[in-house]
Amino acid sequence: MDVRAQVSMMFHLDKCIGCHTCSVACKNIWTDREGTEYMWWNNVETKPGTGYPTKWEDQEKYKGGWKLKSEDSPEDKDKIKLRASDKGRGFANLFHQPNLPTIDDYYEPWTYKYNDLFDSPAGDDQPTARPISLITGEPMDIEAGPNWDDDMGGSTVYAANDPDFADLTMAEKKAFFEMERMVFFYLPRICNHCLNPGCVAACPSGALHKRGEDGIVLVNQNVCRGWRHCVAACPYKKVYYNWKSGKSEKCILCFPRLETGQAPACFHSCVGRIRYLGVVLYDADLIESTASAPEDELVDLQREMILDPSDPDVIAQAKRGGMHDSVIDAAQKSPVYRFVKEWELALPLHPEFRTLPMLFYIPPLLPVLGRLENGTYTIDEKDYFGSLDKARVPMKYMARLFTAGNEEHVRKTYEKLLAVRMHKRVEQVGDLNQDDVDGMLKATGLTVEMCEEIYRLTSLPTFEERFVIPPMHREYATELMGDPYTFKAETGVGFANKPKRGL
Amino acid sequence: MQQKQLRHGKVFDRKVMMIFLLVLGLGLFIMVPAMTQPAPSIEAGQTLFQQSCAACHSIGQGDLVGPDLEGVVEKRDRDWLIRWLMVPDQMVAEGDSLALEILQQYNNIPMPNLGITEAQAVDLIAYMGGDAQTPDTSTDPTTAISGDTVLGRNLFTGSVAFQNGGPSCMACHSIAGNGALGGGTLGPDLTKVHTRFNGQAGLTAALKGLPFPTMQGIFNDKPLTDNEVAHLYAYFALTDQIAPEPVNWNFVWIGLGVFIALTILCHLIWNKRLAGVRKPLLGGMK
Ligand code: SF4
Ligand code: SF4
């Protein structure tokens with residue numbers, strides 16, 4: 001057992017209102033520079049939809065993530081390789097990675113010629129501000145944007161081509177697009193800070209690394225040589241190439257904020273309060289075997305890697321590995337641990353990419369089709385969980401998204417979510433049969449206390465409960481090297497160019 | 001505040017400055033007598049002549065690439081001669097009439113600037129002014145070896161390497177009758193080098209010393225052997241008969257052809273590369 005700490009994340013999709021505040025918060029801090037205009041380290045997609053970049057989930061096209069070697073040659077058992085660039089092909093394609101998205105698959109970033117609104121000579125027409133490309137500086141026609149298919153805009157093209165419909169039959173797919181049944185939800189995405197990151201594995205320069213103490217995956221801008229193999233290898237398309245600096249960039253989980261005890265900007269600003277952040281302890285010895293497991297075991301095995309931070313064995317082992325008490329303490333209070341491991345509610349996004357993503361999602365419990373009868377909304381189901389089969393987004397679709405196609409798995413999660421909801425309804429509205437709800441709790445293995453805790457942490461959490469940030473010990477290390485106040489008015493060690501300020 | 005001043009305050013404190021000047025003065029006091037000129041040395045001049053001048057000049061054995069230097073010290077003004085030894089290129093550039101005349105007389109092959117210092121020039125003059133004679137090159141063993149033109153060509157193209165490890169001629173020079181790509185363009189075309197260097201004596205001497213600033217750095221430690229010089233000479237004597245080729249554009253055409261071939265090859269190899277996802281999606285719609 002090799003116990004490591006990971007700052008892990010959980011997004012509760014039922015709560016996301018699709019406001020894009022998170023994306024804008026991130027952009028204002030990190031990607032408002034030239035060369036980064038098209039990057040959205042945090043983006044919010046509408047599902048069903050093709051997302052950003054268009055159809056990123058389709059690895060037949062983008063060749064991201066890992067695959068089992070046995071898919072190519074059956075004798076290679078239980079080993080994985082990168083889809084885009086294993087060693088040999090990585091070398092052969094060094095100067096030309098053939099699986100990169102084009103700028104059109106993201107979108108061509110633009111601004112408007114606002115000055116025309118003020119400077120135009122008087123005339124018969126209203127002046128307009130023409131869109132100007134932020135790449136070429138020329139006038140352009142806007143054809144796409146980072147959330148072009150927001151709220152199912154252009155659904156006949158975009159939503160209809162959602163790769164997650166793969167498991168649905170033609171009839172099921174058609175039924176989904178009936179006007180009365182149509183439904184959508186939001187999927188906010190950031191880098192998953194994976195345990196088995198494809199981006200790190202693919203880099204020919206070794207410019208990416210996973211930080212030892214918190215598992216944040218970073219691109220070293222001094223080492224990156226712009227080969228862009230990380231861009232191709234990340235199945236979530238969360239590494240971006242800066243065309244100005246010639247280097248790749250990605251979400252840094254706002255580590256400078258974390259190091260000063262603040263939640264990342266997208267978490268902090270989230271209007272729906274859907275985001276949770278906390279440390280989980282995991283067993284790094286299990287990474288290889290988990291990443292190369294059969295598809296329908298991936299979710300379970302990844303959960304098994306996460307260790308109980310209150311287990312004395314785990315604590316002892318963690319300390320032997322040099323982990324600070326404060327980190328173990330934070331892990332014990334981690335909301336992510338509770339949702340993912342204790343209650344088994346949160347699921348990884350597309351585990352079949354085999355990068356072991358450490359951002360987990362609680363799938364949305366979308367409204368089911370029902371009727372209004374005598375002033376109450378009924379769903380005509382005698383069976384406790386029968387309504388799930390009437391869910392407007394089929395379970396198969398959710399299974400594609402969160403459990404590598406394993407319907408049983410998502411179903412279990414949904415049953416629990418439903419049970420909690422029904423428990424609260426009986427308690428607060430009182431229009432359901434208590435026996436039915438007890439039956440549901442029993443079937444899902446939840447207790448009344450657990451339901452209450454899930455409800456509390458879902459609906460009424462405080463800031464401190466949502467974000468349990470471990471103290472990062474980097475700030476102490478910096479202070480050891482010098483008195484920060486001496487250097488406060490200066491620029492690092494001495495002056496290369498004296499700044500024009502102060503004394 | 002205090003700390004800050006120390007960190008980037010005045011570097012040249014007065015006291016430090018005084019001590020610095022004192023030490024400098026003392027140093028000069030000791031150094032100057034040592035630097036006054038010693039008497040010119042004939043031996044030093046002779047060594048230098050053999051190293052740097054003998055490739056192109058003899059004393060009393062007739063013209064090679066450059067003129068026979070017997071009596072040159074009496075013939076030319078001393079100051080002019082010192083300057084000429086030191087910076088001949090500059091004097092030609094300035095349009096010194098005597099310099100231009102010599103240049104024209106000797107096939108427009110300019111005397112290279114060999115970085116001779118004033119003291120060295122004085123040594124050389126001391127040597128040349130005596131009754132020194134250089135050995136007769138016609139009895140030079142090199143001229144006795146009869147070179148092999150085929151071997152010479154191979155040495156030129158590099159298919160046979162030079163024994164001491166120097167790079168092949170073709171890396172920098174082109175020559176007529178040497179395939180479509182000719183050779184490098186850093187140095188001049190060597191087709192007519194035999195004529196330009198006054199035949200056997202001059203060319204052999206030049207090959208042995210290679211007294212050209214660009215080549216010196218490369219061949220100083222890797223001189224050609226006598227045999228190699230003979231083979232190359234034989235080859236150059238042969239190419240001298242060929243009419244020099246006009247500027248040839250083969251290189252450009254061949255380059256273009258290879259470029260197009262490579263482009264097609266790349267297209268074939270990366271045929272399955274990702275060429276956009278969104279556009280095809282829309283294309284299917286219209
Ligand atoms: S999601 Fe993040 S850590 Fe995982 S492969 Fe992509 S860039 Fe790397
Ligand atoms: S800020 Fe929160 S609620 Fe708004 S889109 Fe982002 S994740 Fe969803």
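Me: What makes the approach of the Arg354(A) side chain to the backbone oxygen of Ala291(A) a polar contact?

Reply: A polar atom of the Arg354(A) side chain lies 2.9 Å from that oxygen. A polar contact is a pair of N or O atoms within 3.5 Å, where within protein one must be able to donate a hydrogen and the other to accept it, and residues adjacent in sequence count only if both atoms are side-chain atoms; the 2.9 Å separation therefore falls within the 3.5 Å limit. This is a predicted model, in which local features need pLDDT of at least 70 and side-chain atom pairs count only at pLDDT 80 or more, while totals for chains, interfaces and linings use all residues. Side-chain values use heavy atoms, with hydrogens and water left out, residues are numbered from 1 along each chain as its sequence is written, and chains are lettered from A and ligands numbered from 1 in the order in which they are written.

Me: How do you know whether Arg354(A) is buried or exposed?

Reply: Its relative accessibility is 2%. Buried means under 20% relative accessible area, exposed over 50% and partly exposed in between, with a 1.4 Å probe and protein chains only; Arg354(A) therefore counts as buried. In chain A, 52% of the 503 residues count as buried.

Me: Which residues does Arg354(A) contact beyond its neighbours within four places in sequence?

Reply: Among them are Trp66(A), Leu68(A), Ile80(A), Asn196(A) and Glu295(A), contact meaning heavy atoms within 4.5 Å. Arg354(A) itself is found in the loop between β14 and β15 of chain A.

Me: Why are β13 and β14 of chain A said to stand at the edges of their sheet?

Reply: The open sheet runs β13-β12-β1-β15-β14 with mixed pairing. Strands are DSSP runs (E, at least two residues), as helices are (H or I, at least four), numbered from the N terminus, and two strands pair if DSSP finds at least two bridges between them. β13 (306-307) and β14 (347-348) each have a single partner strand, so one side of each is left without a neighbour in the sheet. β12(A) and β13(A) pair in the antiparallel sense over two bridges, which meets the requirement of at least two. In this pair, Tyr282(A) stands opposite Ile306(A).
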